[in-house]
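Morning, everyone. Let me put the model up, and then we'll walk through a few of its parts.

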Amino acid sequence: MSRKQARVQTSAPVSSAPAGLPGNQAPQRARTEMEFENPEILGTLFGQFDANLVQIENRLGVYISARGNRIQIEGSEEAVARAREVLSGMHTRLKQGFELDQGAVESLIAMSSEPTLEGIITGDDKRPPIMIRTRKKTIVPRSAAQIDYMQALTGNEVIFALGPAGTGKTYLAVAQAVAQLITGSVQRLILSRPAVEAGERIGFLPGDMKDKVDPYLRPLYDALYDCLPAEQVERRIASGEIEIAPIAFMRGRTLGDAFVILDEAQNTTAAQMKMFLTRFGQNSRMVVCGDPNQVDIPGGVHHSGLADAVRRLEGIEGIAVSRFTAADVVRHPLVGRIVDAYEGPNAEKPPS
């Protein structure tokens, strides 16, 4: 946020170290006052019953008091600085017409440790804002890793996105694909994944081929409908502009002038992955998304085509690898803690 949008006054730091204990310095305390010049959006900024301010207080350990269009923040120097950046980002987001829900506030808090938070949200004279525009919404990064990923999606021909569920790997890839389809940068959008069941056997599925594979591809449909009106999705699928199919249908094809996404790639074999990657055609972009820790094929991670491909191809010009961790989960904060419990340094291996 620029100083025209919010005037910030910070008091001199106040030491709270116990008297007589010079060697045991406590964190410096600080107070910051912000005055916003757009009072009409303060209700949304604060949230119902000041829920957004409470969320910032709980996550950063600060105290926030609001009076009119002024906010005063008190806490440690670092926490106050982060809270100020978060509130600035929230205000800018609202001014630009973006939504501000609990997830957006949480993502701004997570990114507040990044020194370029304001540039990420607003852009500057040298660098435009990082965002993806689709028919239904404009998408901005919600974590530091998403910033690098969104830049890779526009600057590389093949992108591997690795990490746990909820980090936005597939969603952002679909959004970028839709954006390029809308602008005419590509003529087709091809979404694929292996038809592998996650630890279950669901047996026979009725219907034609589309009915049989749709349950496996539902997450891709969900992302599409979030970026395009339903009637456009159906029309583009009917015309062949958008194709959704299991990876087995890719053999023998050359995918030119297309944006191609492979989801759940950890469940491909090395042979399947090689076959898929060699479908790459002229004026195309290919995104391969997967969680290396959620392999459902027989043999586990040692037989995963995703791990094999990253090992062979990382570092090759034109190929980017974006890695996400539990800290980048942008669903409910509890999801990140669950992922960390299962995959973090203190996770125990399941009994054999």
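Helices here are DSSP runs of H or I, at least four residues, strands are runs of E, at least two, and both are numbered from the N terminus.

Quick ground rules. This is a predicted model: local features need pLDDT of at least 70, side-chain atom pairs count only at pLDDT 80 or more, and totals for chains, interfaces and linings use all residues. Residues are numbered from 1 along each chain as its sequence is written, and side-chain values use heavy atoms, with hydrogens and water left out.

Back to helix 3, residues 77–95. Its 19 residues reach 27 Å from first C-alpha to last, close to the 27 Å expected at 1.5 Å a residue. That expected span is 1.5 Å times one less than the number of residues. Its buried residues include Val86, Leu87 and His91. Buried means under 20% relative accessible area, with a 1.4 Å probe and protein chains only.

Now strand 10, residues 258–262. Five of its five residues are buried, so the rest of the structure largely encloses it. Ala258, Val260 and Leu262 cover one side, Phe259 and Ile261 the other.

What about its neighbours? Strand 8, residues 188–193, pairs with strand 10 in the parallel sense over five bridges. Pairing takes at least two DSSP bridges. Serine 192 has leucine 262 as its bridge partner. Strand 11, residues 285–290, is also parallel to strand 10, over four bridges. There, isoleucine 261 partners valine 287.

Key. Buried means under 20% relative accessible area, exposed over 50%, partly exposed in between (1.4 Å probe, protein chains only).
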